[in-house]
Amino acid sequence: QVQLVESGGGLVQPGGSLRLSCAASGSIFSIMFMGWYRQAPGKQRELVAGITSGGSTNYADSVKGRFTISRDNAKNTVYLQMNSLKPEDTAVYYCYARYVTVYWGQGTQVTVSS
């Protein structure tokens, strides 16, 4: 069983930055695909960024050049650095892990507003 705990959300002004963290329990973190999804009110959950066990990354077109996903296998943690935030980035952000089974975190709210 893997548990995911997100942190780092909050309120930020447009153009600002936030870094989300997701700490995973268990011993298989290094071989898991990790990702960040988000869900805005009234919209479907969407993949924001993903990173493979080998470090390959992919991003939604809407965040390319602004967001960076990374992982620290020694700390069982995945990060999402979010720069140049826009009001449309406002959503609940969920950490996602996959190795045979899919795991979700509880979500952390990110609000971009002046």
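R66 counts as buried, because its relative accessibility is 11%, where buried means under 20% relative accessible area, exposed means over 50%, and partly exposed covers what lies in between (1.4 Å probe, protein chains only). The structure is a predicted model, in which local features need pLDDT of at least 70 and side-chain atom pairs count only at pLDDT 80 or more, while totals for chains, interfaces and linings use all residues. Residues are numbered from 1 along each chain as its sequence is written, and side-chain values use heavy atoms, with hydrogens and water left out.

## R66 and its surroundings

R66 is found in the loop between β6 (57-59) and β7 (67-72); strands here are DSSP runs (E, at least two residues), as helices are runs of H or I of at least four residues, and both are numbered from the N terminus. The side chain of R66 reaches the backbone oxygen of S62 at 2.9 Å, which is a polar contact, that is, a pair of N or O atoms within 3.5 Å, where within protein one atom must be able to donate a hydrogen and the other to accept it, and where residues adjacent in sequence count only if both atoms are side-chain atoms. When neighbours within four places in sequence are left aside, R66 is in contact with Q81, M82, N83, S84, L85, K86 and D89, contact being defined as heavy atoms within 4.5 Å.

## Strands β7 and β8

Strand β8, which spans residues 77-82, is mostly covered, since five of its six residues are buried. Strand β3 (residues 18-24) runs antiparallel to β8 and is joined to it by six bridges, and β7 also pairs with β8 in the antiparallel sense over six bridges; two strands are said to pair if DSSP finds at least two bridges between them. M82 in β8 stands opposite L18, and M82 also stands opposite F67. The hairpin of β7 and β8 has four residues between the strands, and in this hairpin N76 takes a positive phi near 50°.

In a regular strand the side chains alternate between the two faces of the sheet. The covered face of β7 holds F67, I69 and R71, whereas T68, S70 and D72 make up the uncovered one. T68, which lies in strand β7, counts as partly exposed because its relative accessibility is 41%. The bridge partner of T68 in β8 is Q81, and T68 touches Y59, Y79, L80 and Q81 when residues up to four places away in sequence are not counted.

V100 counts as exposed because its relative accessibility is 79%. Together with I31 and Y99, V100 makes a nonpolar surface patch of about 320 Å².

Q39 has its place in strand β4 and is partly exposed, because its relative accessible area is 28%. A polar atom of the Q39 side chain lies 3.2 Å from the backbone oxygen of K43, and, not counting residues up to four places away in sequence, Q39 touches Q44, R45, A91, V92 and Y94. G26 lies in the loop between β3 and β4 (33-39), and G26 counts as partly exposed because its relative accessibility is 44%.

| Pair | Apart along the chain | C-alpha to C-alpha |
|---|---|---|
| T68 and G107 | 39 residues | 18 Å |
| G26 and Q1 | 25 residues | 7.0 Å |
| Q39 and A24 | 15 residues | 21 Å |

Note on methods:
Patch = residues over 30% accessible without salt bridge, like charges linked within 9 Å, V, L, I, M, F, W, Y side chains within 5 Å. Areas by Shrake-Rupley, 256 points an atom, 1.4 Å probe, with all protein chains shown as cover. Salt bridge = Lys/Arg side-chain N within 4 Å of Asp/Glu carboxyl O.
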